[in-house]
Every structure is written in structure tokens, then in C-alpha cells.
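Read the following paragraphs with the model open beside you.

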Amino acid sequence: MKLNILAFGAHPDDVELGCSGAIAASVKKGMSAGIIDLTRGELGSRGNAEIRATEAEAAANILGCRIRENLGLDDGFFEHDKIARLLVIEAIRAYQPDIVFCNAMDDRHSDHGRGADLVEAASFLSGLIKIETFRNGELQAPWRPKLVLHYMQDRWIQPDIIFNISDVWDV
């Protein structure tokens, strides 16, 4: 399934807190979007992984996303390694997004920066023909997004691009 936008978050709720307005505004304009969480957020101090999964699915539906997946990496302990890169590459190739959103590179939560670095590296590597990935037993074609954007989590980071979300504020 081809998506215009694929947003990655280190945890369920990162995408909603960081770029849900941009997603809602883009969907309202006819673009397709999806969300992939790197972890289940099992170390979160509020709720638990099951509650977060239910809330994540509801949020994706409210935003009009076509897909919501979770890669199941370990919250707080995932590494930017070959296994994680291949999981992200597989997702990028499966949905062939033009634009990828990911966490800010510089944020006080270590998962956010590590996740952003992982997604940015995988976005480049996903275009290399010599890296083979499979989904549902099928060899995936290389695909590289045109643009990788980092959404803000930390109030000290200055944005590079600003989306007007005034007409989807209620969403």
C-alpha cells in the first residue's frame, strides 16, 4: 500500500504529540498517512502497553491514518543496530512514503533521538538495491522517501517547516 506520509514514533503517543496536526491537515487535503511505533511504550509511567495500544489505534482512526503498526522494539533499550534498521527499512519499502516523519534528533528522552537516528539512516538505506528485505514472503523493491522531517518534542528545538493546522485544530 502506497502512503504519502509515514510517521514513526519511538513510543505510542509520540506521533500524536509531535505531528498529529500535520498528519490531520495532510489527510484533510487528500493525502494518505500511516503511523509506525518503534516500541510498545512499556516503560511509560502512565498506563501500560495494552492501554497505550488501544489509545494508539483510536488516535490513528481519528487522524484518518490507513495503517498503524508497532515494531515491538524494547522501550528504553532498543539499539540502532542491523536488526532494527532492517525492520524500519521493511516498513518504508512496504508503504513507499514520499515523506517520513520521525522524532527530533535532540531530545531529553534518549529513545527519541536514537529512534530518529534509526529512522533517518533506514530511510536512506531503504533505497539501496543490495539490501534485501521481505514482507509476506515477497522480495521488496528498494524505495527511498523524498523527505525526512523531524517533529518537535522538546520546546527548545526550532522547527524547519511549519504546518498550518488551524483548520484541523478540533481533530
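A residue counts as buried when its relative accessible area is under 20%, as exposed when that area is over 50%, and as partly exposed in between, using a 1.4 Å probe and protein chains only. By this count, buried residues make up 45% of the 171 residues in the protein. The model is a predicted one, in which local features need pLDDT of at least 70 and side-chain atom pairs count only at pLDDT 80 or more, while totals for chains, interfaces and linings use all residues. Residues are numbered from 1 along each chain as its sequence is written, and side-chain values use heavy atoms, with hydrogens and water left out.

The protein has 4 helices and 7 strands. Here helices (H or I, at least four residues) and strands (E, at least two) are DSSP runs, numbered from the N terminus. Starting at that terminus, the order of the elements is β-α-β-α-β-α-β-α-β-β-β. The radius of gyration, taken over C-alpha atoms, is compared with a globule rule of 2.2 Å times the number of residues to the power 0.38. The protein has a radius of gyration of 15 Å, close to the 16 Å that the rule gives for 171 residues, so it is as compact as a globular protein of that length. Along the principal axes, its C-alpha atoms fill a box of roughly 45 × 35 × 30 Å.

A contact means heavy atoms within 4.5 Å. Among contacts between residues at least 6 apart in sequence, 81% join residues at least 24 apart.

In soluble globular proteins, nonpolar side chains tend to be buried together. A nonpolar core is a set of buried Ala, Val, Leu, Ile, Met, Phe, Trp, Tyr and Cys residues joined through side-chain atoms within 4.5 Å. The largest such core has 23 residues, of which F8, I36, L38 and V88 touch the most other members. Two or more residues each come from strand 1, strand 2, strand 3 (67–73), helix 3 (82–95), strand 4 (99–103) and helix 4 (110–125). Helix 3 gives the largest share, 7 residues. Which residues does V88 contact, leaving aside its neighbours within four places in sequence? They are F8, L38, L71, L118, V119 and A122. A second, separate core of 18 residues includes A7, V15, L63 and I99.

Two packed helices are described by the angle between their axes and the distance between the axes. Axes are lines fitted to C-alpha atoms, for helices over the stretch in contact, and angles run from 0 to 180 degrees between N-to-C directions. The axes of helix 1 and helix 2 (residues 49–63) come within 9 Å and cross at roughly 30°. Helix 1 is therefore roughly parallel to helix 2, a term for angles under 35 degrees. Helix 1 contributes E16, S20, I23, A24 and V27 to the contact, and helix 2 contributes A56, A59 and L63.

Some loop residues remain. D13 lies in the loop between strand 1 (5–9) and helix 1, and has a positive phi of about 105° although it is not a glycine. With 29% relative accessibility, D13 is partly exposed. N136 also has a positive phi, of about 55°, without being a glycine. N136 sits in the loop between strand 5 (134–135) and strand 6 (138–139), and is exposed at a relative accessible area of 75%. K29, in the loop between helix 1 (14–28) and strand 2 (33–39), is exposed at 70%.

How values were computed
Parallel < 35°, antiparallel > 145°, perpendicular 65-115°, else oblique.
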